[in-house]
Amino acid sequence: MSFEALGGQINAFDAEIIALKPHPGMQIVGSNLRKLLEGSEMVINSHGIRTQDALSVRSIPQVHGATRDQWAHATRQIEIELNSATDNPLLLGTPEAYRVVSQANPHGQSVAMAADLLAIAVAELGSIAERRLDRLINPTISNLPAFLVAQPGVNSGMMIVQYVAASLCAENRQLAQPAVTDNFVTSGLQEDHLSMGTNAALKLHKVLDNTTQILAIEYLLAAQAFEFLKEQRFGAGTDAAWRLLRERVPAYDQDRWLAPDISAAAGVLKEANLLHKTLPNLN
């Protein structure tokens with residue numbers, strides 16, 4: 001929706017171009033974008049208005065795709081760990097012929113690294129989303145009303161929610177610092193290299209919450225941008241996503257408390273079944 005509202009150049013998502021850099025996540029995102037934007041008059045009418053878009057708009061397949069790839073990698077790491085024996089000591093053999101082995105299977109390095117990697121990947125997803133939503137409220141870039149409100153002189157519009165998104169991004173940068181590289185000595189020098197996996201996981205949960213809020217804000221702003229562009233036909237998927245949000249959040253006419261709107265938008269993003277029902281052809 002942000003791409004469409006900002007007059008994005010669809011050539012960047014060309015299937016042949018995307019195929020020349022065959023990261024799996026990038027292929028999925030490129031395909032999803034083409035499906036979402038199919039039939040868009042906005043895209044057709046924007047074609048050729050500039051040579052190329054800013055990277056936050058142009059590199060959605062590359063950046064979002066990289067996050068998907070790291071998610072797939074982390075999933076493999078966690079699933080292996082969940083299906084592993086991680087006690088110490090471990091008892092091997094049979095009751096008649098057994099041996100007790102002290103070892104380091106409890107060391108959670110794989111899980112800790114997976115959590116740290118995901119924190120970075122998800123923080124980057126929030127970071128690029130914040131750059132796009134900032135462009136949406138800037139009239140010199142978007143060619144839309146300032147702060148996406150019809151009377152910007154007497155209304156703050158969507159200005160404050162961009163502050164919120166920027167603050168969440170700043171917190172994510174702090175939380176994305178790896179926990180696994182912090183090491184302490186415990187147990188009388190016996191445990192002298194620790195994974196810090198619990199800290200990594202707790203940080204990851206906070207990054208996930210923050211990024212959900214950032215994406216919800218982008219969703220709100222892109223939907224509001226559509227209110228000024230609805231004389232043109234939107235893409236098959238973007239139109240469906242816009243109408244889905246409008247079932248829960250009304251268009252923005254004058255200043256109001258936006259926390260409930262952000263919460264409602266986040267609720268839509270969290271309802272995977274609802275999204276898949278509305279947009280069935282996406283991966």
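The expected span of a helix is 1.5 Å times one less than its number of residues. Helices (H or I, at least four residues) are DSSP runs, numbered from the N terminus. The model is predicted, so local features need pLDDT of at least 70 and side-chain atom pairs count only at pLDDT 80 or more, while totals for chains, interfaces and linings use all residues. Residues are numbered from 1 along each chain as its sequence is written, and side-chain values use heavy atoms, without hydrogens or water.

**Exercise 1.** Compare the reach of helix 12 with its expected span, then find what its buried residues pack against.

*Solution.* Start with the length: helix 12 (residues 259-270) has 12 residues. From first C-alpha to last, helix 12 reaches 16 Å, close to the 16 Å expected. Next, list its buried residues (under 20% relative accessible area, 1.4 Å probe, protein chains only): Asp 261, Ile 262, Ala 264, Ala 265, Ala 266 and Val 268. Finally, look for contacts (heavy atoms within 4.5 Å): these residues pack against helix 9 (159-175), helix 10, helix 11 and helix 13 (272-278).

**Exercise 2.** Classify the ring pair of Phe 3 and Phe 13.

*Solution.* Recall the rule: rings of Phe, Tyr and Trp (its six-membered ring) pair if their centres lie within 6.5 Å; planes under 30 degrees apart are stacked, over 60 edge-to-face, the rest tilted. A search of the whole structure gives four aromatic pairs. Here the centres are 4.6 Å apart and the planes at 40°, so the pair is tilted. Now place the partners: Phe 3 is in helix 1 (residues 2-5), and Phe 13 is in the loop between helix 1 and helix 2 (15-19). Last, check burial: Phe 3 is buried at 3% relative accessible area, and Phe 13 is buried at 1%.

Terms used
Helices (H or I, at least four residues) and strands (E, at least two) are DSSP runs, numbered from the N terminus. Buried means under 20% relative accessible area, exposed over 50%, partly exposed in between (1.4 Å probe, protein chains only).
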